[in-house]
Amino acid sequence: MKRLIGGLFVAFALLIGATIYISFRSWDGLVDRPFSETADILRGAIGGQEVLLSITPWPPRAMREVDFTVSLPGYAGTASPYVDLSMAGMEMGRNRVDLSRGTDGRYRGTGVIVRCPSGRHDWEATVTAPGAGKAVFRFAVAD
Ligand SMILES: [Cu+2]
């Protein structure tokens with residue numbers, strides 16, 4: 001009788017273990033699929049001017065094309081803003097993403113974040129609105 005209960009317990013434990021294993025595997029598959037990641041919106045300001053920066057895909061990966069979308073609600077300037085990619089305290093070379101204004105009033109451009117030879121993942125995207133100023137956004141690349 002004890003052996004039967006022991007056997008049932010082991011079978012039950014194996015079943016639970018398999019269920020947990022399968023659900024974790026399928027969950028991993030879902031979050032690792034690069035195109036299922038949603039864009040993240042970073043919020044900042046230049047003086048009283050609100051600045052929204054969206055980076056897609058999110059999180060961005062090094063050495064892949066990344067789309068930058070900047071919204072400047074109420075911005076009266078005529079020149080398009082641009083994005084400079086850099087690292088705090090480290091010279092990573094000039095990497096400017098020029099943006100162009102879409103029909104919806106948002107500014108879009110595509111760039112590539114290089115891989116840091118030191119292995120760092122922290123980056124800064126500086127949005128410059130000509131004549132208004134700059135806003136610095138900090139984010140991390142996924143690899
Ligand atoms: Cu670096």
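Helices (H or I, at least four residues) and strands (E, at least two) are DSSP runs, numbered from the N terminus. Two strands pair if DSSP finds at least two bridges between them. The model shown is predicted: local features need pLDDT of at least 70, side-chain atom pairs count only at pLDDT 80 or more, and totals for chains, interfaces and linings use all residues. Residue numbers start from 1 along each chain as its sequence is written.

**View 1. Strand 8 and strand 9 form an antiparallel pair.**
Strand 8 covers residues 122–129 and strand 9 covers residues 133–140. Eight bridges join the two strands.

**View 2. G131 belongs to the hairpin of strand 8 and strand 9.**
Three residues lie between the strands of this hairpin. G131 has a positive phi near 85°.

**View 3. Two cis peptide bonds involve P57 and P59.**
The bond from T56 to P57 is cis, with omega near -5°. The bond from W58 to P59 is also cis, with omega near -5°. P57 sits in the loop between strand 2 (49–56) and strand 3 (65–71), and P59 is found in the loop between strand 2 and strand 3.

**View 4. M63 has a positive phi in the loop between strand 2 and strand 3.**
The phi of M63 is about 65°, although M63 is not a glycine. Most residues other than glycine have a negative phi, and most peptide bonds are trans. Is M63 buried or exposed? M63 counts as exposed because it has 11 C-beta neighbours inside 10 Å. A residue is buried if 20 or more other C-beta atoms lie within 10 Å of its own, exposed if 12 or fewer, and partly exposed in between, with C-beta atoms placed from the backbone.
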